[in-house]
Amino acid sequence: MCMLSTKATCNSHGQDSSYFLGWQEYEKNPFHEVSNTNGIIQMGLAENQLCFDILKSWLAKNPDAAGFQRNGESIFGELALFQDYHGIPEFKKALAEFMSEIRGNKVSFDPTHLVLTAGATSANETLMFCLAEPGEAFLLPTPYYPGFDRDLKWRTGVEIVPIHCTSSNGFQVTETALTEAYQEAQKRNLRVKGVLVTNPSNPLGTTMTRNELNMLVNFVEDKGIHLVSDEIYSGTAFSTPSFVSVMEILKERKCVDDNGCSELWNRIHVVYSLSKDLGLPGFRVGAIYSNDDRVVSAATKMSSFGLISSQTQYLLAAMLSDKKLTKNYISENHKRLRQRQKKLVSGLQKAGISCLKGNAGLFCWVDMRHLLRSNTFEAEMELWKKIVYEVRLNISPGSSCHCTEPGWFRVCFANMSEDTLDLALQRLKAFVTEYYNIPEVNGHHQTIRLNHSRRRSLTKWVFRLSFDDRSPIPGR
């Protein structure tokens, strides 16, 4: 007789996804600029390390905040004692103002409608617990962040039904795709409770258009369902078109509590975090913003299972309240992200590889379809394994993001030094040249698809990797 629960023994966590398997291989042989220059370079982790110098400089100039002091006096005891789950008011106020500043102060956020959570992972899961019952569904545009299979489904029992987007229009959401996803859920006898989008998109590195957002709002209004907008990359929109929050759309529609669309207003929720915009994933700072008092109340109670430490809140309250710092940080962060993305795109172009045109995020959505031996997810996995094992780069295959087209990969650029990125691009270019180019003919290289006679043998671990990510729809 099994002594563990079904939850403990089930295989629905998603840990066997190639997204996580690539991390496991990286951890066995991590690249280091001095001690392991032949190791695997981590390009599958969306971290923002480009502006740490600005934050470290601020900490050096503000010893009270870093040392848990107020006016030179220690407040260690005050912070060490119990704090309730509503959070420190000064931090919630500073966070709400920072969220507004990130959005160009076009919208404002009421701190009393913020629920603090231990990162966006906790925020998204908490919202699922609040908005849906086990066996009910949320619609998500593909490709989407692989972790959602864990965050939204694993403990809540909520189902994900994909909204299939394609490269034909840059993977934008269409009304047709939305309707088809809704109908697919109905065929599976799933009650749809809402739509969840990431804006800016992970993994696309693009912002949603105003037309897309209006279409989504119209759709959820017509169906009487929720819309969750995960906006944790909102501060990474470094180029035009600018980022538009769903809250801005509601403001334009004059959706406020004292007119006829208060019901819609209460069914639209925002998830935010400081993990990407400030590059602080280790601080575990996330938030839910909702105008529905019932959601705020329930989510606040649930946040007991994943609170932000009082020390973290105190430090960040001081940091985010410094408007000179936040203004400079936001501007410099955009500048450095734009430069780094340009460097990656340029290096990939030199290797004959293109990207979806992006304007946000910490990654590019890279098109390697021409490098596949066939237009299949099996071929995508073969290419991915070669890149991880032979080129020693961990990137994320599109199938792990439930992309419907084989050959797309997410490649991160902000979690490493410029020298490491240069080395990664050199490795990739050498690999493409060796495997896919024949000698010059009339002064030009000719690119060919990989064929079986030119494939290198791989070690046994490669063939043990799961192929579960091939199908973008479970069971298909």
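By class, how many nonpolar, polar and charged residues does the lining of the largest cavity have? The points below take up this question first, and then the charged and aromatic contacts.

This is a predicted model, in which local features need pLDDT of at least 70 and side-chain atom pairs count only at pLDDT 80 or more, while totals for chains, interfaces and linings use all residues. Residues are numbered from 1 along each chain as its sequence is written, and side-chain values use heavy atoms, with hydrogens and water left out.

1. The lining of the largest cavity has eleven nonpolar, no polar and no charged residues. Here Ala, Val, Leu, Ile, Met, Phe, Trp, Tyr, Cys and Pro count as nonpolar, Asp, Glu, Lys and Arg as charged, and the others, Gly among them, as polar. Among the lining residues are M43, M368, I387 and V411.

2. The count comes to one cavity of 30 Å³ or more, and about 60 Å³ of space lies in the largest cavity. A cavity is a set of points on a 1 Å grid over the protein atoms alone where a 1.4 Å probe fits but cannot get out; lining residues have an atom within 4 Å of a point. Grid points are joined across faces, edges and corners, and the volume is the space filled by probe spheres set on the points.

3. The largest share, three residues, comes from α17. Helices (H or I, at least four residues) and strands (E, at least two) are DSSP runs numbered from the N terminus.

4. The structure has 21 salt bridges, each a side-chain nitrogen of Lys or Arg within 4 Å of a carboxyl oxygen of Asp or Glu. One of them joins E97 and K323 at 2.9 Å, N to O. Because E97 lies in helix α6 and K323 in helix α15, this pair ties together parts that are 226 residues apart in sequence. E97 is partly exposed at 30% relative accessibility, and K323 is partly exposed at 37%. Buried means under 20% relative accessible area, exposed over 50%, and partly exposed in between (1.4 Å probe, protein chains only).

5. D422 and K343 also meet in a salt bridge, 2.9 Å from N to O. D422 lies in helix α17 and K343 in helix α15, so the pair links parts 79 residues apart in sequence. In the bridge of R373 with E382, the closest N and O atoms are 2.6 Å apart; R373 is partly exposed at 28%, whereas E382 is buried at 19%.

6. Of the eight aromatic pairs, one consists of F109 and Y289, whose ring centres are 4.9 Å apart with planes at 90°, so the pair is edge-to-face. Rings of Phe, Tyr and Trp (its six-membered ring) pair if their centres lie within 6.5 Å; planes under 30 degrees apart count as stacked, over 60 as edge-to-face and the rest as tilted. Both F109 and Y289 are buried.

7. Y144 and F148 form a tilted pair, 6.3 Å centre to centre with 40° between the planes. Together with Y145 they form one aromatic cluster.

8. The charged end of K223 sits over the ring of Y182, 4.4 Å from its centre. The criterion is NZ of Lys or CZ of Arg within 6 Å of the ring centre and within 35 degrees of the ring normal.

Methods. On a 1 Å grid over the protein atoms alone, a cavity is a set of points where a 1.4 Å probe fits but cannot get out, and a pocket is an open set with protein on both sides within 12 Å along at least five of seven lines; lining residues have an atom within 4 Å of a point.
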